[in-house]
Amino acid sequence: MNRLLIVDDNEDIRKQLKWGLGRDYDLDLAENADHALTLFRKHRPAVVTLDLGLPPHEDSSEEGFRCLTEILTLAPVAKVIVITGNDGQENALRAVQMGAYDFYRKPIDLDELRIIIKRAFHLASLEAENRRLLSTTLPGMNDCLGIVGQCPKMREVFAMIRKVADSDASVMITGESGTGKELVARAVHAKSPRGNNNFVAINCGAIPENLLEAELFGHEKGAFTGAHARVQGKCEYAHQGTLFLDEIGELPLSLQVKLLRFLQERVIQRVGGRQDIQVDARIISATNINIAKAMEQGTFRDDLFYRIGVVTIDLPPLRERGEDVLVLANLFFRKNCRDLNRKIGGFSTESLNCLRSHDWPGNVRELENRVQRAVIMTNTRFIEPGDLGFDDQPPSSADDPSPSVTLREGRETVERRMIQNALQEHAGNISKAAEVLGISRPTLYYLAKKHDLDQGNHA
Ligand SMILES: Nc1ncnc2c1ncn2[C@@H]1O[C@H](COP(=O)(O)OP(=O)(O)OP(=O)(O)O)[C@@H](O)[C@H]1O
Ligand SMILES: [Mg+2]
């Protein structure tokens, strides 16, 4: 049986709860904060109900808040349901801000409280399951020089990196934007015998065509207007190291020819110069376009491809990496909490579901950005879907809003309608309505207020 700690200074209430809940839970009963904390340390219950007005200050809530703070310090994952007097709305919201799971206003209706407690235990066990999942996946995960992943496809990628690193073979890395192509390029370099020499990256898509040649091969003084001095190109800098040609698919045809000549003869000429300069660089390239198609269409030379794509490593999109999404989310979460010095419990169950089901068009980069934003933005103990930039209310397909409204307006309309219906159906009973809608009561209070809906008088 689950263990529940009940903290209330009123003996009649303790008796009522003992009678009403004793069959479902192992109960600990405390009449003041110190006793509550002793019992909490001893048994570590997952759920606590906490009356805020505790002795010696029954009329203020300070002792209750102290107890709440200490419990959450001991166990940030504990689910504390705060119980307040009739006028306690403000205290209740403050408690939720501080990390209480939910609140409940006296007088106590056992049936309602039972639902809240049951939901709290349910959530606590789901979260425990998530933590177990994340902590068991982390130690066993495969980490290849900072590239994290454990799904079969990423394991293959790691095996490829190890295999090609030792050779001098040119490597082409393909994959959608944000899948980690540059990370893989750096890993191949770092693991190779050239690892202590330069890794020189050039983005072929970001530099105007007329400047790209000089950027790659350098130029002599006076080679063109503005060429005041002799400048070495990226190829020369990469001598005995690795030259990383990013977005190689964007390389103009004229330069494809020049690059091919360099790869065949291993010599370059600076722009405006006639001297052949020997360069020994390993070539790694990356692209997010379909090179086979580009060759068919004649925008990419076959002979160049055969030179630079001796080995290809294809990075799977994030949506095909299964539970790696959660492993990576956890990695970025911990990194950002550390960097930003924030203490957050982790992801709520709803957030984990959103992370699992999202399509990730921006792949790992998108995940990294969303998690960072959430760590900065959240003011709850667990990151909620909204913090990650996900809407937590999927639109209902039952009554389609008119197509002339924006998606956001449509969502708002549907959200308002669903909440109104639920409140009406359950005669303003917030607990029941929240249960039907699948959201917590504080969320429902918040949404009802946002849409200016009557919450009724029930707690
Ligand atoms: N498997 C991974 N483990 C840890 N971090 C990763 C992983 N994959 C990508 N990242 C991080 O995600 C971000 C994007 O990675 P990277 O720049 O290598 O992607 P890319 O494929 O080169 O993207 P683009 O095509 O847009 O240039 C980086 O901050 C990188 O550190
Ligand atoms: Mg890149």
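Which residue in β12 does Ala 201 stand opposite? It is Phe 244. The legends below take up this pair and other close-ups of the model, which is predicted.

**View 1. β9 and β12 belong to an open sheet of 5 strands.** Read the strand order as β9-β12-β15-β8-β16. The pairing is parallel. From one strand to the next, the twist averages 20°.

**View 2. Another open sheet has 5 strands in the order β2-β1-β3-β4-β5.** Its pairing is parallel. The edge strands are β2 (26-30) and β5 (102-105). Each of these pairs with a single strand, so one side of each has no neighbour in the sheet. The twist averages 20° from one strand to the next.

**View 3. Asp 51 and Ile 83 are bridge partners.** Ile 83 is in β4. That strand spans residues 79-84, while β3 spans residues 47-51. How many bridges join β3 to β4? There are 5, and the two strands run parallel.

**View 4. Pro 55 and Pro 56 are joined by a cis peptide bond.** Omega is near 10° for this bond. Where is Pro 56? It sits in the loop between β3 and α3, a helix that covers residues 62-74.

**View 5. The bond from Lys 106 to Pro 107 is also a cis peptide bond.** Here omega is about 0°. Pro 107 has its place in the loop between β5 and α5. The helix α5 takes in residues 110-140.

**View 6. Arg 266 has a positive phi.** The value is near 60°, and the residue is not a glycine. Arg 266 is found in the loop between α10 (253-265) and β13 (267-268).

**View 7. Ligand 1 has 17 residues around it.** Which of them come nearest? They are Val 148, Ser 177, Lys 181, Arg 365 and Glu 368. By class, the shell holds 6 nonpolar, 6 polar and 5 charged residues. At least three residues of the shell come from domain 2 (152-315), and at least three from domain 3 (319-388).

View 8. For Glu 182, a backbone N or O atom is 3.1 Å from an oxygen atom of ligand 1. Which elements give two or more residues to the shell? They are β7 (147-149), α7 (181-191), α13 (324-340) and α15 (363-377).

Terms used
Residues are numbered from 1 along each chain as its sequence is written. Chains are lettered from A and ligands numbered from 1 in the order in which they are written. This is a predicted model: local features need pLDDT of at least 70, side-chain atom pairs count only at pLDDT 80 or more; totals for chains, interfaces and linings use all residues. Side-chain values use heavy atoms; hydrogens and water are left out. A residue is near a molecule or strand if one of its heavy atoms lies within 4 Å of it. A polar contact is a pair of N or O atoms within 3.5 Å; within protein, one must be able to donate a hydrogen and the other to accept it, and residues adjacent in sequence count only if both atoms are side-chain atoms. Helices (H or I, at least four residues) and strands (E, at least two) are DSSP runs, numbered from the N terminus. Ala, Val, Leu, Ile, Met, Phe, Trp, Tyr, Cys and Pro count as nonpolar, Asp, Glu, Lys and Arg as charged, and the others, Gly among them, as polar. Domain bounds come from an automatic or database domain assignment. Two strands pair if DSSP finds at least two bridges between them. Axes are lines fitted to C-alpha atoms, for helices over the stretch in contact, and angles run from 0 to 180 degrees between N-to-C directions.
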